[in-house]
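Here is a short briefing on one protein model. It covers helix packing, strand pairing and salt bridges.

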Amino acid sequence: MTVSYFQRQAENNAWANSLLYTALSALSPEAYSAPYPSFFGSIPATLNHIYAVDLYYLDALAEGGKGRAVYDREDIHELRDLGQLQAEQDTEFVAFCKGLSEDDLTRTVPTERPDGMTSERIDWLILHLVQHQVHHRGQVHAMISQGGGNPPQLDDFYLDHGRAAGAEPYWQGT
């Protein structure tokens, strides 16, 4: 895989999160904060998990040195605030991927785990981060439906036919 692939994955991630947060903003406050049968039990809890894991892995990728301390934070309950913070992380992720060289992909970075430090390859950390986002966005997608909302189309980023609105800016200049 090339750096371009990872850049596209980060761009798709940002685009999908933007669509998801837009759909969430149409939910009533009660539907947004309601308990749902899901892994984390609610939309805000799931979104906070996505955000916290992004903080963790982006810190590892950038060798920021915070490690697991990024989890020492209060959950953010306001959708607007959490959406803004997630957008900032998404922008940081895209910038990180755009700054990679081909040699960087197989370079390892220190990653703090509960049982100590380990080293992980950058390409594999990125793949994991993207997969983690897809996994939990799918859960939020289902909760939007359960809350009476209209879940967005999140899988047309790479297609020419049927490409969802908003995907185009990531393809300009290619």
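The notes below go topic by topic.

This is a predicted model: local features need pLDDT of at least 70, side-chain atom pairs count only at pLDDT 80 or more, and totals for chains, interfaces and linings use all residues. Residues are numbered from 1 along each chain as its sequence is written, and side-chain values use heavy atoms, with hydrogens and water left out.

**Helix packing**

- Helix α3 spans residues 43-61 and helix α5 spans residues 122-146; helices are DSSP runs (H or I, at least four residues), numbered from the N terminus.
- The two pack at an angle of about 170°, with their axes 10 Å apart. Axes are lines fitted to C-alpha atoms over the stretch in contact, and angles run from 0 to 180 degrees between N-to-C directions.
- α3 and α5 are therefore roughly antiparallel to each other (angles over 145 degrees count as such).
- Sorted by class, their contact has 15 nonpolar, seven polar and two charged residues. Nonpolar covers Ala, Val, Leu, Ile, Met, Phe, Trp, Tyr, Cys and Pro; charged covers Asp, Glu, Lys and Arg; polar covers the others, Gly among them.

**Strand pairing**

- Strand β1 (residues 108-113) and strand β2 (residues 116-121) run antiparallel, joined by six bridges. Strands are DSSP runs of E, at least two residues, and two strands pair if DSSP finds at least two bridges between them.
- β1 and β2 form a hairpin, with two residues between them.
- T108 stands opposite R121 in β2.

**Salt bridges**

- The count comes to seven salt bridges; each is a side-chain nitrogen of Lys or Arg within 4 Å of a carboxyl oxygen of Asp or Glu.
- E63 pairs with R107, the closest N and O atoms being 2.9 Å apart. This pair links distant parts of the chain, 44 residues apart: E63 lies in the loop between α3 and α4 (79-98), R107 in the loop between α4 and β1.
- E63 is partly exposed at 43% relative accessible area, and R107 is partly exposed at 33%. Buried means under 20%, exposed over 50%, and partly exposed in between (1.4 Å probe, protein chains only).
- R113 forms a salt bridge with E120, with 3.3 Å between the closest N and O atoms. R113 is partly exposed at 21%, and E120 is partly exposed at 22%.
- R73 and D75 meet through their side chains in a salt bridge (3.7 Å, N to O). R73 has 23% relative accessible area, and D75 has 40%.
- R8, E11 and K98 are linked in a network of salt bridges.

Definitions and conventions:
Angles under 35 degrees count as roughly parallel, over 145 as roughly antiparallel, 65 to 115 as roughly perpendicular and the rest as oblique.
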